[in-house]
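I opened this model to look up its pocket and its ring contacts. My entries are below.

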Amino acid sequence: MQDCETFEEAAAQAMAPSTALSIAEQVRRSVLMTPRQKTFAMEDIMRAMPQVDVPVKHHYGKGLYGREIAIPAGTTLTGRIHKFANLNVLLSGQMSVSMDDGEQHLVTGPCVVVSPAGTKRIADPVTDCVWLTFLGTDATDPEAIELEFTAADEQDYLTHCEQLQIKGA
């Protein structure tokens, strides 16, 4: 297999999970992509691989929603782009988290993480982990909350930012 200089080249080779894993390693080592581009490329490659069920528990309080996920060790996952800063707690476990600046951080629970608006991450749990995200809302429909607080993709996030500027926020 050849080294890939762009995601398009990598995606063209993504036929089988073993090939996708090899391509994913090339993406991680690429110096031609920004850290954010690498995250999106990895996410696209991961979609071609077998998926892992990540159970979700929903918690509600006055003006507060909590989304808890149990992540098995050895699973790589990405999060959606959050439109606003939010509070996260790694309740248990240890994971390596790729930040937007390209840095890898080893996080051990319990640990509180404040994510700025626009954050997009890749997480690689070293052990089984439990992650809890808190969002300020009175809504109780998880799908509606997801639409309000997260962007489907980069363009959706940029549109959200433009709308905030128009409103003077």
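Entry 1, basis. I am working on a predicted model, where local features need pLDDT of at least 70, side-chain atom pairs count only at pLDDT 80 or more, and totals for chains, interfaces and linings use all residues. Residues are numbered from 1 along each chain as its sequence is written, and side-chain values use heavy atoms, without hydrogens and water.

Entry 2, aromatic pairs. I searched the whole structure and got two aromatic pairs (ring centres of Phe, Tyr or the six-membered ring of Trp within 6.5 Å; planes under 30 degrees apart are stacked, over 60 edge-to-face, the rest tilted). Tyr-60 and Tyr-65 have ring centres 5.5 Å apart and planes at 40°, so I noted this pair as tilted. Tyr-65 is buried at 2% relative accessibility, whereas Tyr-60 is partly exposed at 40% (buried is under 20% relative accessible area, exposed over 50%, partly exposed in between, with a 1.4 Å probe and protein chains only).

The pair Phe-84 and Phe-149 is edge-to-face, with 5.8 Å between centres and 70° between planes. Phe-84 sits in the loop between strands E4 (81-82) and E5 (86-92) and Phe-149 in helix H4 (residues 142-149), so the pair ties together parts 65 residues apart in sequence (helices, H or I, of at least four residues and strands, E, of at least two are DSSP runs, numbered from the N terminus). I read Phe-84 as partly exposed at 33% and Phe-149 as buried at 8%.

I found 50 lining residues, with Glu-43, Leu-77, Thr-78, Gly-79 and Arg-80 nearest the centre (a pocket is an open set of points on a 1 Å grid over the protein atoms alone, where a 1.4 Å probe fits, with protein on both sides within 12 Å along at least five of seven lines; lining residues have an atom within 4 Å of a point). Helix H3 (residues 35-47) gives the most to this lining, six residues.
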